[in-house]
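Please look over the sequence and the structure before reading on. The notes after them are meant for someone meeting this structure for the first time.

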Amino acid sequence: FPKTREGGNPTYTFLCRFFIDPLLNPSSIEREVHAVDSEHSKNLQSDVWREEQVLKAQAQPSHPFSRFSTGNLQTLYRNASDTILRLKALHQAFYCAENMKLAILGRETIEELLSSSMPFVGKF
């Protein structure tokens with residue numbers, strides 16, 4: 001992404017805002033839930049997905065692999081306000097610097113990349 005005239009990279013600002021204060025727009029959430037539901041419905045017809053479900057059923061119940069891996073309309077969406085509250089709680093609990101890693105790729109030297117990203121990284 002190009003740098004602005006001031007030398008900063010607008011991509012960092014955009015990315016940071018996503019993690020600091022996501023919009024959680026009700027219509028966007030509903031659209032995404034329907035997209036996940038559509039993908040789940042498609043998966044039900046996949047032999048590979050079915051095989052994975054058999055393996056999950058045989059896994060140790062305490063192991064993360066045994067957990068359900070996709071959602072559908074019934075599991076993800078009760079109503080807009082409930083879903084937004086659940087997403088906000090999830091965001092507050094898990095979207096923190098301790099749970100994240102940042103990878104930066106660019107033509108600049110590592111020193112330049114670090115100096116341009118560090119002001120934003122501290123905001124997490």
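What follows is a short briefing on confidence, helix packing and contacts of aromatic rings.

The model is a predicted one, and its chain has a mean pLDDT of 85, with 90% of the residues reaching 70 or more. Where pLDDT is low, the predicted coordinates should not be read in detail.

**Confidence along the chain**
- Confidence is highest in helix 3, which spans residues 47–58 and has a mean of 95, and lowest in helix 1, where the mean is 79.

**Packing of helix 1 and helix 6**
- Helix 1, covering residues 10–20, and helix 6, covering residues 110–121, have axes that come within 10 Å of each other and cross at roughly 35 degrees, and this crossing is right-handed.
- On the side of helix 1 the contact is made by Tyr12, Thr13 and Cys16, while helix 6 contributes Leu113, Ser116, Ser117 and Phe120.

**Aromatic rings**
- The structure holds two aromatic pairs, and in one of them the rings of Phe18 and Phe19 have centres 4.9 Å apart and planes at 85 degrees, so the pair is edge-to-face.
- Through ring pairs, Phe18, Phe19 and Tyr95 are linked into a cluster.

**A charge over a ring**
- Which residue has its charged end over the ring of Phe65? The charged end of Lys56 sits over that ring, 4.5 Å from the centre of the ring.

Note on methods
Residues are numbered from 1 along each chain as its sequence is written. This is a predicted model: local features need pLDDT of at least 70, side-chain atom pairs count only at pLDDT 80 or more; totals for chains, interfaces and linings use all residues. Side-chain values use heavy atoms; hydrogens and water are left out. Axes are lines fitted to C-alpha atoms, for helices over the stretch in contact, and angles run from 0 to 180 degrees between N-to-C directions. Helices (H or I, at least four residues) and strands (E, at least two) are DSSP runs, numbered from the N terminus. A crossing is left-handed if the near helix is turned anticlockwise from the far one by less than a right angle, and right-handed if clockwise. Contact means heavy atoms within 4.5 Å. pLDDT is the predictor's confidence in each residue, from 0 to 100. Rings of Phe, Tyr and Trp (its six-membered ring) pair if their centres lie within 6.5 Å; planes under 30 degrees apart count as stacked, over 60 as edge-to-face and the rest as tilted. A charge sits over a ring if NZ of Lys or CZ of Arg is within 6 Å of the ring centre and within 35 degrees of the ring normal.
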